[in-house]
Amino acid sequence: MGRILVTGGNGFVGSNVCRRLLSEGHEVLVIVRDLQVEGGLARLGIAKRVTYANADISSPRALARVLQQYRPDTIIHCAAHAIVADAFKEPIYTLMNNFAITANIMEIMRLTKTDLPLRCV
């Protein structure tokens, strides 16, 4: 099985993706800026079964470091500002931030010549 990097892995969608990947025998790496003890991974009882890389995915340098250090086989991008109430209050900020993070991941993959499958959830 492969080593899969999951952005947003401690959120609702990402933690469920991690659970599925672990059940299929994959090694799961989750990028976290701040590990929340009460996050989705802990709620699902799988927090100790994943590897954590501390990085801010909006930072190109930090993301490049993670890709170089861990060498994942696939990237599954689940990170986003997904709180609906916040998105209604600041829709342009939410859209631009979510787009910028996705574009950043794609740009770092291009610059580092990382030829990996990228899945956006």
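## Salt bridges

E107 is partly exposed, at a relative accessible area of 32%, whereas R110 counts as exposed at 52% (buried is under 20% relative accessible area, exposed over 50%, partly exposed in between, with a 1.4 Å probe and protein chains only). Their side chains meet in a salt bridge of 2.6 Å, N to O (a side-chain nitrogen of Lys or Arg within 4 Å of a carboxyl oxygen of Asp or Glu). The two residues are 3 apart in helix α5, so about one helical turn separates E107 from R110. Helices (H or I, at least four residues) and strands (E, at least two) are DSSP runs, numbered from the N terminus.

The whole structure has 4 salt bridges. One of them joins the side chains of R3 and E27 at 3.1 Å, N to O. Because R3 lies in strand β1 and E27 in strand β2, this pair ties together parts that are 24 residues apart in sequence. R3 is partly exposed at 28%, and E27 is partly exposed at 39%. Another salt bridge links R33 and D56 at 4.0 Å, N to O. R33 is in the loop between β2 and α2 and D56 in the loop between β3 and α3, so the pair connects parts 23 residues apart in sequence.

## Model and conventions

This is a predicted model: local features need pLDDT of at least 70, side-chain atom pairs count only at pLDDT 80 or more, and totals for chains, interfaces and linings use all residues. Residues are numbered from 1 along each chain as its sequence is written, and side-chain values use heavy atoms, with hydrogens and water left out.

## Helix α3

The buried residues of helix α3 (residues 60-70) are A62, L63, V66, L67 and Y70. Seen down the helix axis, they fall within an arc of 135°, so they line one face of α3 (the arc is that of the directions from the helix axis to the C-beta atoms). They pack against β1, β2, β3, β4 and α5 (contact means heavy atoms within 4.5 Å). R61 and Q68, on the other side of α3, are exposed. Just after the helix, R71 takes a positive phi of about 45°.

## Cysteines

A search of the whole structure finds 0 disulfides (pairs of cysteine sulfur atoms within 2.5 Å). For C18, the nearest cysteine sulfur is that of C78, 7.2 Å away. C18 is buried at 0% relative accessibility, and C78 is buried at 12%.
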